[in-house]
Amino acid sequence: MSSRYLPGLSEERRAVIEFCGELTDEQWAAPSAAAGWSVAEVVIHLTTGVRALLTPSAAAIVATRDLERLNEQLVDEKRSHTTRHVLPEFDTWSRRGVRALTVFTAAGIRRIQLPIGELGWYRLDLIPAMLLFDWHTHLRHDIAPALDLPPPPTDAL
């Protein structure tokens with residue numbers, strides 16, 4: 001069995017895609033409630049976090065002693081992307097990430113612990129919970145309110 005947080009992560013992925021799929025170019029460019037980031041940059045952040053599961057960025061996340069600064073650097077690398085690329089990249093990398101987490105959180109390896117920057121050591125089966133928290137929080141507290149739109153409901157997952 002994989003992490004108990006994967007169903008919630010899959011639902012949150014769907015919520016991000018549905019919510020952001022309706023945004024206009026002006027809304028993508030609007031400032032979010034995350035200081036210094038536009039709505040598009042927040043979604044870029046969500047993408048770089050899950051993308052790191054499957055790319056060399058993972059080494060930077062494991063080794064960093066300043067996760068906030070690293071998050072800024074990872075977003076900076078993608079800031080020049082036009083908004084039409086932001087959601088498709090989240091769609092692609094979040095799908096790949098959820099699929100990979102099904103394997104990473106399987107019996108036998110789910111209890112392996114990895115460092116997440118200066119935050120400490122975490123078992124692999126908790127990575128989906130971390131992403132779920134990040135996606136849920138940014139969508140409902142940084143994106144929706146900044147656009148004066150109702151956030152998606154929060155479900156039991």
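**Ring contacts, a loop glycine and pockets**

Q: Over the face of which residue does R96 lie?
A: A charge counts as over a ring if NZ of Lys or CZ of Arg is within 6 Å of the ring centre and within 35 degrees of the ring normal. R96 meets this at 4.7 Å from the ring centre, and the ring belongs to W93.

The model is predicted: local features need pLDDT of at least 70, side-chain atom pairs count only at pLDDT 80 or more, and totals for chains, interfaces and linings use all residues. Residues are numbered from 1 along each chain as its sequence is written, and side-chain values use heavy atoms, with hydrogens and water left out.

Q: At what distance from the ring centre does R51 lie over the face of W93?
A: R96 lies over the face of W93. R51 also lies over the face of W93, and its distance from the ring centre is 5.0 Å.

Q: Is the pair of F90 and W135 stacked or edge-to-face?
A: Rings of Phe, Tyr and Trp (its six-membered ring) pair if their centres lie within 6.5 Å; planes under 30 degrees apart count as stacked, over 60 as edge-to-face and the rest as tilted. The structure holds 1 aromatic pair. The ring centres of F90 and W135 are 5.1 Å apart and the planes stand at 70°, so the pair is edge-to-face.

Q: Are F90 and W135 buried or exposed?
A: F90 is in helix α6 (residues 83-104) and W135 in helix α7, 45 residues apart; helices are DSSP runs (H or I, at least four residues) and strands likewise (E, at least two), numbered from the N terminus. Buried means under 20% relative accessible area, exposed over 50%, and partly exposed in between (1.4 Å probe, protein chains only). By these limits F90 and W135 are both buried.

Q: Which residues is G21 in contact with, leaving aside its neighbours within four places in sequence?
A: G21 is in the loop between α1 and α2 (25-29), and is partly exposed, with a relative accessible area of 43%. Contact means heavy atoms within 4.5 Å. Beyond those neighbours, G21 touches V16 and L87.

Q: How many residues of the lining of the second largest pocket come from α1?
A: The residues closest to the centre of this pocket are E12, H136, R140, T154 and D155. Both α1 (6-20) and α7 supply at least two residues of the lining. The largest share comes from α1, with 5 residues.

Methods. 1 Å grid on protein atoms, 1.4 Å probe; cavity = no way out; pocket = protein on both sides within 12 Å on 5 of 7 lines; lining within 4 Å.
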